[in-house]
Amino acid sequence: MTCLRVAIADDHAVVRTGFRRLLELEPNVTVVAEFGDCETAYTWLCANRADILVLDLSMPGRGGLETLRRLKARVPTLKILVFSMHGAPAMVSQAMQAGADGYLTKSSAPEALISAVLDLGAGGHPLSQEAAHALNEAGNDSQAPHLVLSPREFQVFTLLAQGLAVDEIAGRLCVSAKTVANYQTAIRQKTGLGNALAMFRYARTHTLLE
């Protein structure tokens, strides 16, 4: 079996170290890089080879969902396993729509990460039980307004729902305030939620917030 080259992106150094030690117990897996923020991960992975990226969604910079979307567009051969604390149907659904090849919640047993990486290497699409259940729920809730949002719109929506101002979001996502304002307009039109309070209430009801 060919050795799988795995990269890890998580903003907590202790977590990355734990993942690395766990994955390196498997003789056919080599951890080739670790990243604590999205931009470093994106830049490295566009210039260097890895077979699989284990990606957290709550990351500094443009965020895990946007990084997932950008990497799949730029490096389509890279397989991406989301390993996140988020198990809400909307989060799992958005990640899979953005191109994730598999999804595990961090409540999974440690050995599930190794199994999922090996499954990805063999061409599978691993989902934890919680993620599979969430995807099923998302399918049953297919008329929910937030499901019509693009991954980028969904990311902006969750930040607006958390009470961040347009300028703050622009700084966090490394885009102009005008761009964020355009996303805000599109989100309002698509969801019918006219202000941050309405977005907060909606997001809380659908467990879309951290």
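Which elements make a right-handed β-α-β unit? In this predicted model, the unit is made by E4, H4 and E5, and the views below begin with the sheet to which two of these elements belong.

**View 1. The open sheet is built from 5 strands with parallel pairing.** The strands follow the order E2-E1-E3-E4-E5, and the edges are formed by strand E2 (29–35) and by E5, each of which pairs on one side only. From one strand to the next, the twist averages 20 degrees. Strand E1 (residues 4–9) pairs with strand E3 (residues 52–55) in the parallel sense over 4 bridges, and Ala9 has Leu55 in E3 as its bridge partner.

**View 2. Strand E4 (residues 79–84) and E5 run parallel and are joined by 4 bridges.** Ser84 has Thr105 in E5 as its bridge partner. Thr105 points to the side of E5 that Tyr103 also points to, whereas Gly102 and Leu104 point the other way, and all of these residues are buried. In a regular strand, side chains alternate between the two faces of the sheet.

**View 3. Asp101 lies in the loop between helix H4 (89–97) and strand E5 (102–105).** Asp101 counts as buried because its relative accessibility is 12%, which is under the 20% limit for that class. The side chain of Asp101 reaches the backbone nitrogen of Ile80 at 2.8 Å. When the neighbours within four places in sequence are left aside, the residues in contact with Asp101 include Lys72, Leu78, Lys79 and Ile80, together with Leu120, Gly124, His125 and Pro126.

**View 4. Helix H2 (residues 38–47) packs on the sheet and touches E1, E2 and E3.** The direction of H2 makes about 130 degrees with that of E2. At the start of H2, a side-chain oxygen of Asp37 reaches to within 3.2 Å of the backbone nitrogen of Glu39.

**View 5. The buried residues of H2 are Cys38, Ala41, Tyr42 and Leu45.** These residues lie on the same side of H2, because the arc that they cover around the axis is only 95 degrees. Among the elements that cover the buried residues of H2 are E1, E2 and E3, as well as helix H3 (64–74). On the other side of H2, by contrast, Thr43 and Ala47 are exposed.

How values were computed:
Residues are numbered from 1 along each chain as its sequence is written. This is a predicted model: local features need pLDDT of at least 70, side-chain atom pairs count only at pLDDT 80 or more; totals for chains, interfaces and linings use all residues. Side-chain values use heavy atoms; hydrogens and water are left out. Helices (H or I, at least four residues) and strands (E, at least two) are DSSP runs, numbered from the N terminus. Buried means under 20% relative accessible area, exposed over 50%, partly exposed in between (1.4 Å probe, protein chains only). A polar contact is a pair of N or O atoms within 3.5 Å; within protein, one must be able to donate a hydrogen and the other to accept it, and residues adjacent in sequence count only if both atoms are side-chain atoms. Contact means heavy atoms within 4.5 Å. Two strands pair if DSSP finds at least two bridges between them. Axes are lines fitted to C-alpha atoms, for helices over the stretch in contact, and angles run from 0 to 180 degrees between N-to-C directions. A crossover is right-handed if, with the strands pointing away from the viewer, the path from the first strand over the helix to the second runs clockwise. The arc is that of the directions from the helix axis to the C-beta atoms.
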